[in-house]
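The briefing below is grouped by topic.

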Amino acid sequence: MTRIALFGATGFIGAACAAALADAGHEVLPRPARRLWADNETLTQAPQRAYRPHLAGLAAELDGVGAVVNAAGVAISAARMSPGLVGGNAAWPRLLADACQQAGVSRFVHVSTAAVQGRTDRLDESLRYAPVTPYARSKTLGEQLLRDTTAGGRVEVTLYRPPSVHGPGRRMTTAFAAFCQRWPLVTCGDGDQPVPVALIGNVGATVAAILAADSVPLVVSHPYEGHTVRTLYETFAPGRPLRPLPTRAVRRLLRAAEPTGQWLPPLSAVCRRAELLLFGQGQQRGWLDARGFRLPLGQSAWDEVAAATRGRPHYR
Ligand SMILES: NC(=O)c1ccc[n+]([C@@H]2O[C@H](COP(=O)([O-])OP(=O)(O)OC[C@H]3O[C@@H](n4cnc5c(N)ncnc54)[C@H](OP(=O)(O)O)[C@@H]3O)[C@@H](O)[C@H]2O)c1
């Protein structure tokens, strides 16, 4: 059993981590994240200037803790670039990593996101970045600042990258279910393109599996859950037909929206989600697959989540 300080335990992913870590026999200590404001430039050149006043207090809070999990951050995919976004997704995890160093905490698992690799054809566990939205850029900066702390540091940092996470009552899930029932189900190609999505219970279990291992690489991807565009649509709208769209025309349309998306983040976030459903995104086998890790929840759990959302209004 390890004493684990969990930041963001009040959130969607944090609550799932708390449950999975407690099930694995750990003592879970929920802790509130600091709210920070920072700009890219200061953070890149002199990160500690953005958070120095918080460091000693936070390190003192980690006294006697064996590991830290950070599930805190600003999880708004359509957010504009702002000091609050950079503060929450980049300065905050870096502050926490520095506090771990100072307090002698040996493990730090940070919940990042697959979105840091954006449009790359196949997600992998490399440090190759291609963020599309300001949200993804702020998460990328968070990873880069954490990577810098690992050089010569005593704390083992893991950047865990889940894709879009679905779960009962989650707004994104109910909105997707409503979309699947109301609108034509379109895709490019035959619909058998893989789609990276995750179920909330599997995310908690993956964090627990990372903490159960003795030595972990810097980057760990959430394992592929086996969904294709077709199976995801069938899960949320069984029996509805899939309608093919012409790939080249769709790509032209999405490219035409890109310049506007540069200054209108909600548009780039919607286009990115559409791209994922239209073209899918592959994923390389990762470290957890190689270790023989199996996600605990499969298609029947997805069916339960979909059944629970069917017919519900999409708010949270
Ligand atoms: N949901 C997804 O589909 C998804 C997918 C991939 C990655 N992620 C990442 O997972 C993390 C958690 O996402 P979530 O969906 O669980 O979000 P969430 O439900 O909004 O919870 C995030 C938690 O972070 C803390 N928080 C809120 N504002 C903050 C700020 N400005 N600075 C620092 N902490 C703040 C809060 O915890 P306290 O009040 O307890 O501090 C909050 O409960 C995020 O970093 C997100 O980027 C999410």
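In this predicted model, the side chains of R161 and E143 meet in a salt bridge at 2.8 Å, N to O, where a salt bridge is a side-chain nitrogen of Lys or Arg within 4 Å of a carboxyl oxygen of Asp or Glu. The pair links distant parts of the chain, with R161 in strand β6 and E143 in helix α5 (residues 134-150), 18 residues apart; helices (H or I, at least four residues) and strands (E, at least two) are DSSP runs numbered from the N terminus. Both R161 and E143 are buried, a class that means under 20% relative accessible area, while exposed means over 50% and partly exposed lies in between (1.4 Å probe, protein chains only).

Because the model is predicted, local features need pLDDT of at least 70 and side-chain atom pairs count only at pLDDT 80 or more, whereas totals for chains, interfaces and linings use all residues. Residues are numbered from 1 along each chain as its sequence is written, and side-chain values use heavy atoms, with hydrogens and water left out.

**Other salt bridges**

- The structure holds twelve salt bridges, and those that share partners join R119, E258, R272 and E275 into one network.
- R107 forms a salt bridge with E156, their closest N and O atoms being 2.9 Å apart.
- Since R107 lies in strand β4 (residues 107-111) and E156 in strand β6 (residues 156-161), this pair ties together parts that are 49 residues apart in sequence.
- R107 is buried, with a relative accessible area of 11%, whereas E156 is partly exposed at 21%.
- D98 forms a salt bridge with R94, with 3.2 Å between the closest N and O atoms; both residues lie in helix α4 (residues 83-103), four residues apart or about one turn of the helix, and both are buried.

**Surface charge**

- R248, R251, R252 and R255 gather in a patch of positive charge on the surface, a patch being made of residues with over 30% relative accessible area and no salt bridge, in which like charges are joined within 9 Å.
- R248 lies in helix α9 (residues 247-263) and is exposed, with a relative accessible area of 68%.

- L123, in strand β5 (residues 122-123), is buried, with a relative accessible area of 5%.
- L123 and Q283 are 160 residues apart in sequence and 4.5 Å apart in space, C-alpha to C-alpha.

Methods
Patch = residues over 30% accessible without salt bridge, like charges linked within 9 Å, V, L, I, M, F, W, Y side chains within 5 Å. Areas by Shrake-Rupley, 256 points an atom, 1.4 Å probe, with all protein chains shown as cover. Lys, Arg positive; Asp, Glu negative; His and termini not counted. Charge placed at Lys NZ, Arg CZ, Asp CG, Glu CD.
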